[in-house]
Amino acid sequence: MSVVTPTTPPAEGCIDTEVRGHVLLIGINRPAKRNGWTAPMFRQLAEAYTRLDDDPELRVGVLHAFGDHFTAGLDLPAITEYMKRGEKAVPFGLVEPHDLGMPGYRRRTKPMVVAVKGITFTVGIELMLGADIVIAADDCRFSQLEVQRGIMATGGATLRMAERAGLGNAMLHLLTADEFGSAEALRLHFVQKVVPAGQELEEALRLAERIAAQAPLAVVATRQNVLKAVEHGPLAAMADFIETQKRLSNSEDAAEGVRSFIERRPSRFTGR
């Protein structure tokens with residue numbers, strides 16, 4: 001994989017984007033502050049996620065970070081006033097990166113792969129849990145340490161940690177603010193694969209490109225059906241089977257899937 005080169009970020013940090021084929025690379029860029037999150041960074045991240053969903057040429061996102069660490073979490077002096085007012089730094093109408101389905105925000109439809117490394121605290125864990133597939137470097141240091149700062153995790157950790165790892169394991173890490181490594185994150189299903197440090201972005205991009213080679217409409221429908229089963233139960237997800245399959249079967253991509261099978265060649269999907 002060719003090197004991803006960051007721009008020179010302003011003091012408050014920024015989010016860099018780069019298109020590679022059908023993949024949108026989304027880079028957290030504030031390495032001098034261990035990628036601590038500010039309000040402009042949250043807004044730009046939501047704009048990048050919205051771009052992924054709105055551009056028909058883009059099929060998969062890859063969230064990664066510049067520098068040695070994914071993120072040290074919130075830059076509390078920069079974010080505290082938002083929390084005191086009960087406000088979010090993400091404007092209404094955009095795709096909310098935590099994918100919580102909150103009123104006023106859109107939910108992402110296309111897949112997101114995340115590459116994490118080094119320090120991955122608080123909002124970093126919540127962003128990866130809100131994505132679809134996570135590749136972790138073997139040097140990761142995870143901590144959901146909000147209780148250590150007198151606040152609560154509100155980006156999805158209280159929901160998704162228990163969903164992935166069970167109640168006791170979630171409470172262990174949420175209530176103690178302890179630090180744990182990549183092996184523990186893999187055991188608890190917070191990440192899907194651990195690779196040697198320095199290879200996490202390459203592996204995430206490899207997976208993203210493989211997903212991007214599949215039929216886009218089928219990928220989106222499959223992802224949404226899985227989430228519906230998790231959030232609303234299997235019966236609600238099963239209720240969509242027949243109509244969704246009917247819609248997909250009448251698409252140009254389904255016809256291409258049949259042709260490529262008969263002709264014994266790779267499929268060339270268009271998303272139609």
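**Pockets, patch and pairs**

Reply: The largest pocket has a volume of about 510 Å³. Of its 23 lining residues, A131, D132, R164, V226 and L227 are the closest to its centre. Keep in mind that this is a predicted model, where local features need pLDDT of at least 70, side-chain atom pairs count only at pLDDT 80 or more, and totals for chains, interfaces and linings use all residues. Residues are numbered from 1 along each chain as its sequence is written, and side-chain values use heavy atoms, with hydrogens and water left out.

Me: What's a pocket, and what are lining residues?

Reply: On a 1 Å grid over the protein atoms alone, a pocket is an open set of points with protein on both sides within 12 Å along at least five of seven lines, and lining residues have an atom within 4 Å of a point. Grid points are joined across faces, edges and corners, and the volume is the space filled by probe spheres set on the points. Rolling a probe the size of a water molecule over the atoms shows where empty space is left.

Me: Which element gives the most to the lining of the largest pocket?

Reply: That's α8, with six residues. The elements that each supply at least two are α3 (123–129), β6 (133–137), α4 (157–165) and α8 (216–232). Helices (H or I, at least four residues) and strands (E, at least two) are DSSP runs, numbered from the N terminus.

Me: And how many residues of that lining are nonpolar, polar or charged?

Reply: The lining of the largest pocket has 13 nonpolar, two polar and eight charged residues. Here Ala, Val, Leu, Ile, Met, Phe, Trp, Tyr, Cys and Pro count as nonpolar, Asp, Glu, Lys and Arg as charged, and the others, Gly among them, as polar.

Me: OK, what about the second largest pocket?

Reply: About 390 Å³ of space lies in that one. It has 20 lining residues, and F42, L74, M83, K88 and T154 lie nearest its centre. Two or more lining residues come from each of α2 (76–85) and α3, and α2 gives the most, with three. By class, the lining of the second largest pocket splits into 12 nonpolar, three polar and five charged residues.

Me: Switching topic: which residues make the nonpolar surface patch?

Reply: L235, M238, F241 and I242 make it, and the patch covers about 480 Å². Both α9 (234–238) and α10 (241–249) supply at least two of its residues. Patches are made of residues with over 30% relative accessible area and no salt bridge, with like charges joined within 9 Å and nonpolar side chains (Val, Leu, Ile, Met, Phe, Trp, Tyr) within 5 Å. Accessible areas come from the Shrake-Rupley method with a 1.4 Å probe, and for residues only the protein chains shown count as cover.

Me: Is L235 buried or exposed?

Reply: L235, which sits in helix α9, counts as exposed because its relative accessibility is 67%. The cut-offs are under 20% relative accessible area for buried, over 50% for exposed, and partly exposed in between (1.4 Å probe, protein chains only).

Me: How many salt bridges turn up in the whole structure?

Reply: The search finds 21. A salt bridge is a side-chain nitrogen of Lys or Arg within 4 Å of a carboxyl oxygen of Asp or Glu. Side chains of opposite charge can pair when their charged atoms come close.

Me: Which residue pairs up with E203?

Reply: K193, with the closest N and O atoms 2.9 Å apart. E203 lies in helix α7 (residues 200–212) and K193 in strand β9 (residues 193–195), so this pair ties together parts that are 10 residues apart in sequence. E203 is buried at 11% relative accessibility, whereas K193 is partly exposed at 35%.

Me: Which residues are linked in a network of salt bridges?

Reply: D99, R107, R108, D132, R223 and E231.

Technical notes. On a 1 Å grid over the protein atoms alone, a cavity is a set of points where a 1.4 Å probe fits but cannot get out, and a pocket is an open set with protein on both sides within 12 Å along at least five of seven lines; lining residues have an atom within 4 Å of a point.
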